[in-house]
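Welcome, and please take a moment to look over the sequence and the model before reading on. The paragraphs below will walk you through some of its features.

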Amino acid sequence: MAITSANQLELLQTAEAVAREKMIDPGLVVEAMEESLARAAKSRYGAEMDIRVSIDRRTGKATFTRVRTVVEDEEVENYQAEMTVEQAKQYMADPEVGQQYIEEVPPVELGRIAAQSAKQVILQKVREAERDRQYEEFKDRAGTIINGLVKREEYGNVIVDVGAGEAILRRNEKIGRESYRPSDRIRVFIKDVRREPRGPQIFLSRTAPEFMAELFKMEVPEIYDGIIEIKAVARDPGSRAKIAVISYDSSIDPVGACVGMRGSRVQAVVNELQGEKIDIIPWNEDQATFLVNALQPAEVSKVVFDEEAGKIEVVVPEEQLSLAIGRRGQNVRLASQLTNLDIDIMTEAEESARRQKEFEERTQLFVETLDLDEFFAQLLVSEGFTNLEEVAYVELDELLVIDGVDEDTAEELQARARDFLEAQAKKALENARALGVEDSLVEFDGLTPQMIEALAKDGVKTLEDFATCADWELAGGWTTENGERVKDDGILEPFDVSLEEAQHLVMTARIVLGWVDPAELEAADDDETDQEGADETDAEEGDDQPAAPEAGA
């Protein structure tokens, strides 16, 4: 095939046809043609030559040129594409390093192999341009709902035609045992869009909590307008879900608005989600109140919240226990996901038994350590005393309110408690010394002998060791693994050391060792305080404005 004037416009016509079909810029197709023709010309004239092709965008005429660059004498590596200043003088009047000499060369005849190679280059370039266009189109649409047509199913994954390309709905992103046939219409949530070597990958989902939130946004105008906000969503796809909503207009009931007239709005969402039962719950800033709402339809008798552990105990009547837990733990699991709390559910009888056990354990503690009879120990527990430290160091007046306790008895109680604690501390220090604890850690202010013993058992034996500890290593904490909250035990957690106290102790140790400059630390604290003040001011100024809707889990 020769590039001749017989049909020079055919190149442009082909480029425009391909561009229209693939919905890309015709200029990209022409550039691909230029590159493919240049590659074919190099195979004719020599691969080391710098052959370039330019196609006129109006006439379609292809011009073949050879380019040679002027370089220093010692830098010539490719004599076909480079030449020295001296060599360039026969072609140019006053050549300089870096200049290029361009001369036109005759068009090449494309043989069958060269034509096939040119075609492959064009197809590759067109494919790349198509992928770029597809990525640019969908990268900003992640987090939205799209309608598509099912093309085929591969190993349980559904390939969906989304108009400008293909997307994948993985097997684990389908609701239950959904099955689709080619040409079925499907509504899906764009979960992620990634640029990969084989082209942009568009990942779809029907099980994501955000899918439900977006469906409600489509069905409930108040959510779309920002009057009602979806605060949290928890789903057991295809079975049951809970969604927490709040209204920024006191005249609008958020639950009623989401349910709609005769349940029309929520029913539309239920139908799309294959009959998934949906509990719509009013959101509340108070976590205990929100949890009571989240456990609906079960009734809750009492809520005990442990802020430090992020854990909550819920007490329910015996007849409500199975309803609160739900089938296979579904109700409590969804409530836990919705509130982001670790929930323990117990009956009133179980709570009573637990409290009785705690009462007996504390009573026994006072009987054994203070040499008291059981009745007197029970009096101490009934008045709220839980450990020896409280008895030893409380104000004397707080002991005198107990029936039958006079000043001499109270002083004797405190003396016994202090003697026992001192003996414990002495023994703990001896054990720590035996484990190799150094004076630098023993003399550090803020650690009790029992704490030092616990640190020594964990291998922390010097102040330097202590200063390298992370706060969570000392105080403990919670991490999330595979969607479940997992407890990390801290070395000093049995001594009720909070995360803030652990941070303070570690930072103080670093200051004592000279690792941290106190002045710099104070400056950082001042900056943080100023920033918090600015944030509070911004929040107060924005109180009159309704918060923007934040659909999602």
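What follows is a short tour, from the whole chain to single residues.

This is a predicted model, so local features are given only at pLDDT of at least 70 and side-chain atom pairs only at pLDDT 80 or more, while totals for chains, interfaces and linings use all residues. Residues are numbered from 1 along each chain as its sequence is written, and side-chain values use heavy atoms, with hydrogens and water left out.

Let us start with the whole chain. There are 22 helices and 17 strands in it; here helices (H or I, at least four residues) and strands (E, at least two) are DSSP runs, numbered from the N terminus. The chain has 553 residues, and 38% of them count as buried. Buried means under 20% relative accessible area, exposed means over 50%, and partly exposed lies in between, with a 1.4 Å probe and protein chains only.

Next, look at the charged pairs. A salt bridge here is a side-chain nitrogen of Lys or Arg within 4 Å of a carboxyl oxygen of Asp or Glu, and by this rule the count comes to 22. One of them joins Lys174 and Glu153, with the closest N and O atoms 3.4 Å apart. Lys174 sits in the loop between β7 (166-169) and β8 (185-196), and Glu153 sits in strand β5 (residues 145-154), so this pair ties together parts that are 21 residues apart in sequence.

Now find Arg354, which takes part in two salt bridges. In one, its side chain meets that of Glu313 at 2.5 Å, N to O. Arg354 belongs to helix α12 (residues 348-370) and Glu313 to strand β14 (residues 311-316), so the pair ties together parts that are 41 residues apart in sequence. In the other, Arg354 is joined to Glu358, and the closest N and O atoms are 3.9 Å apart. Glu358 and Arg354 are four residues apart in helix α12, so about one helical turn separates them. Arg354 is partly exposed, with a relative accessible area of 23%, and Glu358 is partly exposed too, at 28%. Elsewhere, a network of salt bridges links Lys151, Arg152, Glu154 and Glu166.

Glu395, Asp397, Glu398, Asp406, Glu407, Asp408 and Glu411 form a negative surface patch. The elements giving two or more residues to this patch are α15 (396-400) and α16 (407-434), and α16 gives the most, with three residues. Patches are built from residues with over 30% relative accessible area and no salt bridge, joining like charges within 9 Å and nonpolar side chains (Val, Leu, Ile, Met, Phe, Trp, Tyr) within 5 Å. Glu398, for example, is found in helix α15 and counts as partly exposed at 44% relative accessibility.

For a contrast, turn to the loop between β17 (484-488) and α21 (499-512), where you will find Ile491. Ile491 is buried, with a relative accessible area of 15%. Leaving out residues up to four places away in sequence, Ile491 touches Ala454, Leu455, Asp458, Val460, Glu473 and Leu474. Leu474 is 17 residues from Ile491 in sequence, yet their C-alpha atoms are 4.8 Å apart. Asp496 is in the loop between β17 and α21 as well, but Asp496 counts as exposed at 64% relative accessibility.

The last stop is the backbone. Most residues other than glycine have a negative phi, and most peptide bonds are trans. Asp496 has a positive phi of about 60 degrees although it is not a glycine. Gln274, in the loop between α8 (264-272) and β12 (277-282), also has a positive phi, near 60 degrees. Finally, the peptide bond from Gln296 to Pro297 is cis, with omega near 10 degrees, and Pro297 lies in the loop between α9 (287-294) and β13 (302-306).

Methods:
Accessible areas come from the Shrake-Rupley method with a 1.4 Å probe; for residues, only the protein chains shown count as cover. Lys and Arg count as positive and Asp and Glu as negative; His and the chain ends are not counted. The place of a charge is taken as NZ of Lys, CZ of Arg, CG of Asp or CD of Glu. Contact means heavy atoms within 4.5 Å.
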